2 protein chains.
Amino acid sequence: MQMSEGVEWALHSCLNLAWADGRAVTAGKLAAFYDLPAAYLNRQLQALARAGIVTSTSGPRGGFRLARDPARITLLDVVVAIEGEQEAFRCRQIMRDGPGGRSDVDYRRHCLVSQAMSRADLAWRRELAAQTLADIGAAVERKHPGAPRAARNRLDLPAD
Amino acid sequence: MQMSEGVEWALHSCLNLAWADGRAVTAGKLAAFYDLPAAYLNRQLQALARAGIVTSTSGPRGGFRLARDPARITLLDVVVAIEGEQEAFRCRQIMRDGPGGRSDVDYRRHCLVSQAMSRADLAWRRELAAQTLADIGAAVERKHPGAPRAARNRLDLPAD
DNA sequence: GCTCCCATACTCGGATAATAACTGTCCGAGTATGGAAGG
DNA sequence: CCTTCCATACTCGGACAGTTATTATCCGAGTATGGGAGC
């Protein structure tokens with residue numbers, strides 16, 4: 001049970017986009033930032049676009065930019081965009097084939113094992129939803145005040 | 001990011017073992033309970049044995065039994081036994097290749113993105129560790145008082 | 001009748017294929033650019 | 001000099017292989033059983 005490493009790429013790329021201040025950045029530039037395979041990062045950014053987290057523009061001067069304020073993008077939004085909505089635990093409703101199992105009962109909701117696992121999943125999601133990109137960005141700036149400028153610099157954007 | 005469906009099998013099988021009251025149950029019987037592939041369930045039970053959650057005995061009258069009281073086996077124990085210790089988020093430390101990245105820094109601990117993801121993971125684990133097999137079993141019995149007897153019956157164990 | 005022994009059937013355990021998911025790559029559709037031609 | 005048009009280069013987007021993890025299966029090592037032979 002490991003999530004795609006695209007999640008790490010997406011989170012860091014979103015932070016960099018936040019520091020780009022609304023200017024479009026190409027997948028190639030974002031990939032060069034951490035020396036990642038550009039075509040594959042592009043794939044992850046497409047997922048973010050489908051989820052409405054970033055907007056994409058084709059052609060010269062095109063690229064990706066955040067679709068809304070970083071304060072309104074949670075870590076959960078990004079994780080779900082890459083990994084999908086479904087929760088980690090898979091309830092295949094094996095109780096249907098057990099003693100007294102009924103095919104007209106949805107054991108994803110009634111099985112107590114499934115309920116317990118869902119509670120844990122919910123705690124996880126709650127924690128992810130409580131943190132926004134703006135929160136992380138601000139924390140990074142507190143620790144490394146030069147980070148935003150360094151990022152803009154590496155993205156070939158005017159320093160300010 | 002989906003966990004193996006072996007987790008569902010392992011959890012339900014552990015509950016059934018709890019109701020078996022210390023008597024050994026074969027992988028075949030446990031598999032027949034929910035009409036699962038026996039050889040593959042056996043594989044998952046081996047993982048539980050390696051983790052010290054169940055003990056195994058070979059030969060006739062052999063099988064698996066819980067290694068300790070169900071009140072001292074948490075859902076986290078079972079999940080970790082099947083899925084492994086590592087947390088879901090993979091920090092490949094891409095910041096090492098970013099601006100100002102240092103190869104002598106462990107970004108799994110210092111990167112703020114990684115820290116945020118770890119916090120969520122911790123909340124998830126805390127929730128799983130708070131529930132024991134005995135808790136789930138008791139909740140099931142409250143809802144379906146006949147469940148333990150039905151289980152023993154299907155496992156070809158003396159009703160009591 | 002009792003004890004010992006051995007063949008047997010049964011169980012787990014790890015090694016081996018089949019399948020699906022993830023990772024990585026490529027090329028085409030569409031677009032803003034920038035220069036050249038014409039007025 | 002200004003406007004219009006077009007060729008160009010650049011970007012995302014989805015379609016296509018390579019690799020790893022998951023799922024499923026099989027057969028061998030070891031063990032308690034149960035019957036039979038011997039005392």
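## Surface near DNA strand C

In this predicted model, H3(B) gives the most to the surface near DNA strand C, contributing three residues. The elements that supply two or more residues to this surface are H3 of chain A and, from chain B, H3, strand S1 (54-57) and strand S2 (63-66). By class, the residues of the surface divide into nine nonpolar, 10 polar and four charged.

DNA strand C has 23 residues around it, and those that come nearest are Ser4(A), Gln46(B), Ser56(B), Phe64(B) and Arg90(B). Of the atoms of DNA strand C that come within 4 Å of the protein, 63% belong to sugar and phosphate. A polar side-chain atom of Arg90(B) is 2.7 Å from a phosphate oxygen, and a side-chain N or O atom of Tyr40(A) is 3.3 Å from a phosphate oxygen. The side chain of Ser58(B) has an N or O atom 3.2 Å from a sugar or linking oxygen.

## Surface near DNA strand D

DNA strand D is surrounded by 23 residues, of which Gln46(A), Ser56(A), Phe64(A), Arg90(A) and Ser4(B) are the closest. Sugar and phosphate make up 65% of the atoms of DNA strand D that come within 4 Å of the protein.

Two or more residues each come from helix H3 (38-50), strand S1 (54-57) and strand S2 (63-66) of chain A, and from helix H3 (38-50) of chain B. H3(A) has the largest share, three residues. The surface near DNA strand D holds nine nonpolar, 10 polar and four charged residues.

## Relation of the two chains

Chain A superposes on chain B by a rotation of 180° with 0.0 Å of shift along the axis, at an RMSD of 0.1 Å. The two copies are therefore related as by a two-fold rotation axis. Within chain A, Trp124(A) has the C-alpha nearest this axis, at 2.4 Å. Both copies use the same surface, since 100% of the contact residues of chain A recur in chain B.

## Helix H6

Helix H6 of chain A covers residues 112-129; at 1.5 Å a residue its 18 residues should span 26 Å, which agrees with the 25 Å between its end C-alpha atoms. Trp124(A) is one of its buried residues, which also include Leu112(A), Met117(A), Ala120(A) and Leu128(A).

The buried residues of H6(A) pack against helices of both chains: H4 (75-83) and H5 (107-110) of chain A, and H1 (6-19), H4 (75-83), H6 (112-129) and H7 (133-143) of chain B.

Notes: Residues are numbered from 1 along each chain as its sequence is written. Chains are lettered from A and ligands numbered from 1 in the order in which they are written. This is a predicted model: local features need pLDDT of at least 70, side-chain atom pairs count only at pLDDT 80 or more; totals for chains, interfaces and linings use all residues. Side-chain values use heavy atoms; hydrogens and water are left out. Copies are superposed by least squares on the C-alpha atoms of residues with pLDDT of at least 70 in both. Contact means heavy atoms within 4.5 Å. Helices (H or I, at least four residues) and strands (E, at least two) are DSSP runs, numbered from the N terminus. The expected span of a helix is 1.5 Å times one less than its number of residues. Buried means under 20% relative accessible area, exposed over 50%, partly exposed in between (1.4 Å probe, protein chains only). A residue is near a molecule or strand if one of its heavy atoms lies within 4 Å of it. Ala, Val, Leu, Ile, Met, Phe, Trp, Tyr, Cys and Pro count as nonpolar, Asp, Glu, Lys and Arg as charged, and the others, Gly among them, as polar. A polar contact is a pair of N or O atoms within 3.5 Å; within protein, one must be able to donate a hydrogen and the other to accept it, and residues adjacent in sequence count only if both atoms are side-chain atoms.
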